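Welcome to this short tour. Please open the structure in your viewer and keep the selection tool handy.

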Amino acid sequence: MTALLDLKLVFVTGKGGVGKTTVASAMALLATLQGKRVLICEVDAKGDVAGFYEAPPTVFKEREVLPGLFAMTMDTEASLREYLKLQLRIPVVGRIGPLAKAFDFVATAAPGVREILTVGKLCYEVRERNYDLVVVDAPASGHIVGQLAAPQAINNLVKVGLIRTQTDWMLDILSDPTLTGLVAVCTPEEMPVTETIELADRVRKETTVKLSAVVVNRVLPELFGRQEEEVFDVLGSAEALGRLNELVGADAGPVLDAARLAVTMRRTRSTHLDRLRLSIGGATPMLYLPYLFTRSHGLRTTRQVAASLGEELGY
Amino acid sequence: MAGRRGRPARDAGATRLPSASHVPAAGSGSMDGLLATKEIVVACGPGGVGKTTTAAAAAVMAAVRHGSKVLVLTVDPAKRLADALGLDGIGNTEHRVPDEAFRAAGVKPRGQLWAAMLDTKESWDALIRHHAPDEQTRGEILANPLYQNISGRFIQSHDYIAMERLYEIHSESDYDLIVVDTPPTRNALDFLDAPQRMADFFSSRLLRWLIVPYRSRLVNVATKPFYQIADRILGTEFLADISEFFILFQSMYDGFVERSESVGRLLSDRRTTFVVVSTLEAVPLREAEFFAEQLTARRLHLGAIVLNKVLPDYLRGAGGASVAESMKERAGDLAAQLSPTLAKVDPVLGDTDQIARVLTEVADSYLNFQVVALREMEERSSLSVVPDVLATVPFFETDIFDLAGLVRLGEQIWD
């Protein structure tokens, strides 16, 4: 199996709030640090990627945000314009207002038409070998399948026409597990785990893309070994805590409470993690990223996540 | 459930606030007052913040505390939450949560709690059945592959149908309060725009453009270039498929447009309020804030902001930090002195190295969580929008998956 960073096109997805953009940004940074020329593309245009590199807002035209690392935001109208010009050799001068509107319309009626422009642009970058790796901060897990299945859907709906001739080469790239992969990000919580399991199933059944890895984000550290946990429990007893309070000259209760919270949180989460492992762990590599106790987000955090990801991948 | 009974007289037992003209100072309102005065509560916000659970908890509390008939309309509940609400396998149909379930959770509801899940496909089909002029059109639309695409996969259709269902239930049933969860959207505002977009979609001139040549086979000079390009890109056959679909739909345009506009009006009605749910993490909070600002800009009623999963207060005390620091620094010394106490329970627990390790871990863990807890407070104090109700819900150590859990969560929002 091709190592994750040796793929050419990686879609990163996950339920909202699990750190999908964090992982995508860190993965792109890690590949850059390995000496690769990398493009990160944000599809769910919220403009978060820029924040993770502390760079100016990203636009459709890719910009170098760090040496060797380029960032862009998907824009379907701009993509349509580029597509018409490059692929179909239909020059579009000035605004394509009416055509874009008409296109919007058709795209609304037939899902897949809009998605194909996104997927098409990304596959194009891969085909032209403009980058060593293209990382996609893809739509959330509820929407990614539609996106990845778009070329197939178009193939079924559109029998002739120029679009039809375009989908074949895209499918070739998407279906090749040595070129394209999907990474699902989740946290060890009930809904994210459930959604990841469902996603793995749908990706297998409805798309030709391979699920390359599941990244489990925000894994809490294990505080104690078994006997240490017993020590901790006894420390919380009235007598031991009273003694500890006496020794430190203040109430140590909150400090113990915090550790108890951490232990319970970890325990609840590990049951969800077990469920995930049981369901997909055998077939798909799982990578674990620690919960970050940091002050804020930004390049520093992205570097930390990239480092953890690097360790998990054996760099 | 479907009888048109109009608005029922308000129940006598419920707590009521003075009229809506009374404007309380920022942050001074209560969830109790909000849920007692509004008929529709729309829970919205970024993904992964506990929106569905919060909506359910608010509905549970309204049923428990007020003598109201409450419906919670959820979109994609966790399996165990769906079970708790008795929604397993029920889907679109409204279903009453039995009083026994409340008794098992240790509460006695004054009102009634009903629950339903939103099934997008089923709701679309119902809508078509409602608007279709005749049996044949109905059958043809339901069987059309493009329709199946729209109703099943078209993302924006989830947004629209959630609001449409809300409208239908509100106008056709007798609930005092409907709490609706919103689907996960790419953009939190999508569902607000959905009714308008749907109206635009069906009343658009472009739509008629697309249809004309396949009806009359006449293309005028102005539109010819458009068809040439469209033909070249999409192929004639596909364009014909699209046209056929829209021709079928044409008979329903007026109904759709009218209905979409009614749905839009309902959302901006005074009886409707929005509750923005978030956590205190930077990214979701910014998104929630943006959403709250947009609500205000659109003159929609921002009723409350609920901040979920907030770390406990004891993590922020200055005293705790200095205790933790001293536990780390003096771990060896403290361990030696604590050893006899622990050894009394079990001699193996008296090992001083082990005790020192535990003390260090415990202290580190406190200091780690304190960083996050302080960051959360910083985020909270920098909130740019402060609604009447700002509720903070502490982090629960375990998942919420039953009625008792919802009550526990609800009490936090309430008080």
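**Stop one: Arg218(A)**

Select Arg218(A), which is partly exposed because 19 other C-beta atoms lie within 10 Å (buried means 20 or more such atoms within 10 Å, exposed 12 or fewer, and partly exposed in between, with C-beta atoms placed from the backbone). This is a predicted model, in which local features need pLDDT of at least 70 and side-chain atom pairs count only at pLDDT 80 or more, while totals for chains, interfaces and linings use all residues. To find your way, residues are numbered from 1 along each chain as its sequence is written, and chains are lettered from A and ligands numbered from 1 in the order in which they are written.

Arg218(A) belongs to strand E7 of chain A, residues 211-219 (strands are DSSP runs of at least two E residues, helices runs of at least four H or I, numbered from the N terminus). Its phi is positive, about 60°, although Arg218(A) is not a glycine.

**Stop two: Lys309(B)**

Now go to strand E7 of chain B, residues 302-310, where you will find Lys309(B). Lys309(B) is not a glycine, yet has a positive phi near 55°. With 17 other C-beta atoms within 10 Å, Lys309(B) is partly exposed.

**Stop three: the cores**

Next, select Ala58(B), Val70(B) and Val179(B), which are among the residues with the most contacts inside the largest nonpolar core, a set of 91 residues (buried Ala, Val, Leu, Ile, Met, Phe, Trp, Tyr and Cys joined through C-beta atoms within 7 Å). Helix H2 of chain B, residues 51-65, gives the most to this core: 10 residues.

Finish with Ile40(A), Phe52(A), Leu117(A) and Val185(A), which are included in a second, separate core of 75 residues.
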